[in-house]
Amino acid sequence: MPSSASVEGILHGDDNQRLNYLVQVFAKYQMTGKRYETKTWHAYFRRIAINPVVFYQHNHALFYEDNQSDKDNFQIHEPTYIHGDLHIGQFHYYFDDTTNERIFQIRQHTKKIAPFTWDLKRLATNLVLIGYYQGFSDIEIIEILKAFIQQYINRVKEIKKINFFRQNSNEENQIHQTKSYLLQGQCSVIDSIPVQQEMHEIDWKELNSVASWIILAEQLAITVADLHCQSTISVLPTEKIVEKNPDYSLRIIQAALSSSDQQYELIQEICYFAMNYAEIAEHDHRLFFKCFRNETIFNGILMGNHRQMPRSLVSARSLSILIVGGGIGGLATALNFAQAGIRVRLFEKNSEFSEVGAGMQLAPNCSRVLDHLGILKQVQANAVFPKQIVWMDALSGQRLGCIDLGPKFIETFKYPYIVVHRADLLNALYQACFADPLVTLETNRFVVSVDERPKSIMVECADGTRYDCNMVVAADGLWSSLRKFVHDDGAPLSVGYVTYRGTIDISQVSKEAGLENVQFWIGPDMHLVQYPIRRGELFNQAAIFKSKRVPDDTDEWGTREELNQHFGIGCEHVKNALKLIQSNIRWPVYDRNPLSKWSHGHLVLLGDAAHPMLQYAGQGAAQALEDADALVSAYKKYGSLNLDAVFREYERKRIPRSSKIVQFARDIGNFAHCDGVAKIARDATLKAHDMNDYEILNWLYAAEQKDSE
């Protein structure tokens, strides 16, 4: 294994020392004789400012210098010959900064002896860097690296006779460009064939799964092994050939890999080196451009007069789709994309994926989307299937009316009405996302800003990391930090109501509480909701009332005293329920007016970030799930290159419906909380309603929805 001290010293060393080292290396190797030519530096900086892959891939001197501090226990004591800039055998492959051409040559180097592990480290490091910038996790990258190195070992062990050139098959997702180069006056000694080689450009963005990367890595390993193990080629007159045995290099490497212990050691060493070196490369790149250069002003290589680089040149990882928010809407969106074969990354600002709250009601339109996602059975395994939704008078205790949820309801809407613990629904979504290799989940990622670019959107997190994304889905809830970049309408609006809620063990509840139903105890400016959850083991309660004060930073709004005042005038059942209500946590109730547009550039809103709604209709989760389904359907239809069409269709389908439900929830709140003459009329309406009449709910729960609704 490499010396941990040297690697750790670079990773955690002083930035000023590291920066000074980088300056000297660039001045020594890249700008010899030109270090004070401003235009030369500017041109060079702009090329390598793209990302750390270019920064190191095109500057082998940096790799070589850092590699000197890497002490290998795994060594080949016999020499292999002639490493070029890309360090593949005797072949020299590099990018010509002057002509912008890729050059492929056979070349003799002054240093003839170098461990062949350098080749694998170089390629493995580039795989790691590119993998990071395509959004792969450490675990996924290590899997790719191990496949690359193991395939190299397998190839070396099976090689018997190596042809001078090997034609590589290209995957369909690669852009094929062929360039042949003839060495003037120099030919190989094998039948005097001019040196030619096909060069392939890879479309890295199309490699969006671990499986496709492993295929590419294994093909790369085969090619590298073939090049390493062919006989020594000389570009000098034939009498000066150093080694005449055509199997010389092959025998050396095969002998070195003969032991399974050595093979394991090689795999571990290169994985360790590549992962750490990629971190060094990214750190150096960020450090160099943050502290050393300004894009338009150059003051020499001394750091005393430097100006900070514009943010546009700070390194950023490349992502296709980023979802911000790990709640129900965010996880559902990630799972929808993954099931469509589309890779996504999701950021959650908290340290874990969890839900604060208790029970929630899932209507048939919600279950329909969960069934489409393949997790309905898992959710239902922890759910309760109530028999009725019952409206009760909180003051008199009188039963006012109900909606039957039995066979006719299920026949009408194809799915039952269920009640669950919020954590159970979230966990089902989380487990499905966690198990899908196309979903990468990250916690402690708080997005603080976004910056629209002509062809992408730059996202910055609180820790300074930045991501260049094709599309960002803001599913970060009621207090969304990204909503303002679409529509800056300020903070959510308090409607003056306060909620006390929580769960208790079912053993604490009397049978008179109605353990088979969802019960709404309604009264003037207040109501109480009760129902069992989690397989009937817990009892969920929520007491909502209108406070005399608007929520603020004090403890004087929505107090326990106000709670008792509102519900103290209730019937005996309501008064008893208060004794079991958790009173240490309260939630103010917020609302927002519907928006006419949910997207801007490459950013789109979803769930409560787009359309928060009062809880009275029990549709918050359902509408976030419907959003996710609609967004991914539009994306599958139009693709990543036509986001305008994706967002237009998504908004056309979802804004009218969700806006109608926002108003519907408000209407239910007004209906439940009325008093006086309005209460008399309401009670009469509920008593007259047929419990098997679902016409009023058909537009909300039915499968077929019209866009115009």
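The charged end of Arg501 sits over the ring of Trp587, 4.3 Å from the ring centre. Such a placement requires NZ of Lys or CZ of Arg within 6 Å of the ring centre and within 35 degrees of the ring normal. Arg445 likewise lies over the face of Phe347, at 5.6 Å from the ring centre.

This is a predicted model: local features need pLDDT of at least 70, side-chain atom pairs count only at pLDDT 80 or more, and totals for chains, interfaces and linings use all residues. Residues are numbered from 1 along each chain as its sequence is written, and side-chain values use heavy atoms, with hydrogens and water left out.

Rings also meet rings. The whole structure holds 17 aromatic pairs. Rings of Phe, Tyr and Trp (its six-membered ring) pair if their centres lie within 6.5 Å; planes under 30 degrees apart count as stacked, over 60 as edge-to-face and the rest as tilted. Phe337 and Tyr635 have ring centres 5.3 Å apart and planes at 85°, so they pair edge-to-face. This pair links distant parts of the chain: Phe337 is in helix α11 and Tyr635 in helix α18, 298 residues apart. Helices (H or I, at least four residues) and strands (E, at least two) are DSSP runs, numbered from the N terminus. Both Phe337 and Tyr635 are buried. Buried means under 20% relative accessible area, exposed over 50%, partly exposed in between (1.4 Å probe, protein chains only).

Phe409 and Tyr417 are also edge-to-face, because their planes stand at 70°, with ring centres 6.3 Å apart. Both are buried.

Now turn to helix α20, residues 677-688. Its buried residues are Lys679, Arg682, Asp683 and Leu686. The buried residues pack against β8, β9, β16 and α19. Contact means heavy atoms within 4.5 Å.

Helix α19 spans residues 643-673 and contains Arg666. Why does Arg666 count as buried? Its relative accessibility is 18%. Beyond its neighbours within four places in sequence, Arg666 is in contact with Asp591, Arg592, Asn593, Pro594 and Leu614.

Two loop residues have positive phi without being glycine. Asp525, with phi of about 55°, lies between β16 and β17. Arg534, with phi of about 50°, lies between β17 and β18.

Methods. Expected span 1.5 Å × (residues − 1).
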